[in-house]
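Notebook open, model loaded. I want to go through the strands and their pairing, then check the confidence.

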Amino acid sequence: MHLVADVLDEELLDKTGNRAGRVDGIVLEVRDGKPPRITHVEVSPITLLARLNRRLAERYARWDRRLGKGRGVPFRIPWGQLEQTGKAWRFDTDAEDTPIRALEDWLRVKIVERIPGG
Amino acid sequence: MKKIFQIALGIVTSVGGFLEIGSITTAAQAGASFGYQLVWSIVLGTVCIAFLVEMSGRFAAVSKHTIPDAMRERFGINFYVVPLFILLGVSLLVLGAELGGVAAALEMATEIALPVWAIPVALLSWGLLWRASFSVIENGVSILGLVTIAFAVGAVRLHPDYGALLHGVVPTLPRRDASHYWFVAVSVLGASISPYLYYFYSSGAIEEKWDETYLAANRMIAAIGMSFGGFLSVAVLVLAAILFHPHNIDVDKYQQLPDLLTPILGRAGFWLVIASLGIACLGATLEISLALAYLIAQGLGWNWGEDLEPRDDARFSLTYTLIVVAAMLFVLIGLDPLKLTEISMALTAASLPVGVFPFLILMNDKKYLQTHTNGYLGNAVVLVISLISAVLAIVSIPLEIVGS
């Protein structure tokens with residue numbers, strides 16, 4: 001498996017089969033005398049922005065931190081929870097129980113549901 | 001039977017949705033300034049967009065991916081942001097021109113100033129996006145767009161010189177006003193080969209759950225639908241070539257557009273141009289807004305889908321809302337839709353390789369298309385036409401600015 005070609009930026013599906021973002025980053029553990037090992041993948045605008053511009057990522061993280069406890073850091077999915085289906089990766093949790101859709105939920109409650117027909 | 005109906009519907013919507021402010025005004029300018037000499041630019045543009053649309057439908061049907069989806073996966077976010085920002089910037093200008101086109105039609109119909117219509121037109125477009133299903137947007141507005149066939153009726157009634165028209169299919173060097181000739185040519189190419197069109201098409205194929213059984217239908221829709229659409233652009237050029245060119249009338253105001261049909265069809269001609277412009281531009285407004293929201297949502301892995309309720313894809317819905325608002329500002333501040341069209345079509349041509357090259361790489365990737373990758377002909381046609389368009393645009397835009 002090629003990490004960049006087959007994992008990074010691929011689509012994530014939650015256990016209900018719904019879209020749950022993309023693999024924005026891969027966390028590797030460097031071990032003495034052994035090859036590195038993948039421990040987690042990250043799904044978060046913070047990780048995505050950090051790949052483009054670190055300052056932007058820090059700014060976004062500061063804003064995100066205001067949204068609640070545990071926010072302001074990228075969400076991580078343990079590698080062992082992931083299973084490849086086609087080109088996408090599926091993990092064994094409902095995305096609604098994770099912060100992956102936090103911004104979506106915030107926008108829905110604060111804006112969309114207040115607009116007629118939303 | 002169902003397939004035949006789908007093919008027929010696909011062709012009808014491709015024809016009805018082909019013309020928009022870019023193709024109408026650039027074809028009219030080409031005919032008015034250079035007679036039949038620039039027919040080749042419409043032919044080249046139509047051939048290229050037919051190939052691109054076929055590829056886009058094939059890609060979605062076989063890989064079950066949209067183009068933005070696959071571009072993020074295949075090239076990564078650091079590359080993806082380049083076409084994303086360029087396409088966003090250029091397409092926002094095009095969207096401003098389309099929204100302005102609807103407002104211009106309403107201004108000519110009511111004599112109420114164009115900027116006044118900016119907010120009502122934006123609200124109408126947004127309301128349709130917010131509430132209507134994908135098929136209403138894709139089929140409904142495009143079927144209404146069949147009113148644009150009036151241009152073909154008008155052109156035939158003027159009995160054009162078909163021999164001279166055929167001569168125009170072969171590219172020739174300008175006989176006068178070279179920089180303007182090439183600028184109009186690239187504007188025509190930019191209007192025909194709009195990236196939003198084939199990006200939108202791949203998302204539409206996923207929205208309608210296409211699979212490999214749709215490949216033949218896709219080929220017919222792209223070939224027949226786009227060809228007939230191209231004929232409508234040629235019809236506009238013919239009208240301008242016969243009615244404007246002999247009198248040295250250039251098209252530099254959108255208020256001149258009704259003069260394409262009024263000498264032939266009288267008052268009905270005026271209303272047919274108004275209806276054609278208004279409906280065609282409204283259709284394009286909806287498609288571009290959706291195409292840009294698809295581009296962002298798919299690249300970032302958000303929930304998206306025009307058939308979902310806005311509450312189920314809040315980020316996607318709010319994205320097209322902001323896009324419509326941004327385009328509305330161009331009209332509200334009083335920018336002339338014709339000038340905006342000229343600039344945005346030339347910039348579209350200049351930026352073609354940015355969207356087309358990565359797409360061609362995807363179309364040759366067996367991971368996505370297995371045995372359905374591109375042949376040499378498709379690759380060559382799209383590569384050559386988009387390169388020529390971009391080079392011509394990069395050379396002619398500064399010359400046109402200096403010249404004017």
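Which residue in β7(A) does Glu83(A) stand opposite? I looked it up: Glu83(A) faces Arg90(A).

Ground rules before going on. I number residues from 1 along each chain as its sequence is written, and letter chains from A and number ligands from 1 in the order in which they are written. This is a predicted model, where local features need pLDDT of at least 70, side-chain atom pairs count only at pLDDT 80 or more, and totals for chains, interfaces and linings use all residues.

I have β6 (residues 82-85) and β7 (residues 88-91) of chain A running antiparallel, joined over four bridges. For me, strands are DSSP runs of E with at least two residues, helices are runs of H or I with at least four, both numbered from the N terminus, and two strands pair if DSSP finds at least two bridges between them. Two residues sit between β6(A) and β7(A), and there I found Gly86(A) with a positive phi near 65°.

Sheet entry. I get an open sheet of three strands in chain A, order β3-β4-β5, with antiparallel pairing. β3 and β5 (75-78) of chain A are the edge strands with a single partner each, so one side of each has no neighbour in the sheet. The twist averages 35° from one strand to the next, with axes as lines fitted to C-alpha atoms and angles from 0 to 180 degrees between N-to-C directions. Between β3(A) and β4 (residues 37-43) of chain A I note five bridges, with Leu28(A) opposite Ile38(A).

Confidence entry. Mean pLDDT (the predictor's per-residue confidence, 0 to 100) is 91 for chain A, with 100% of its residues at 70 or more.
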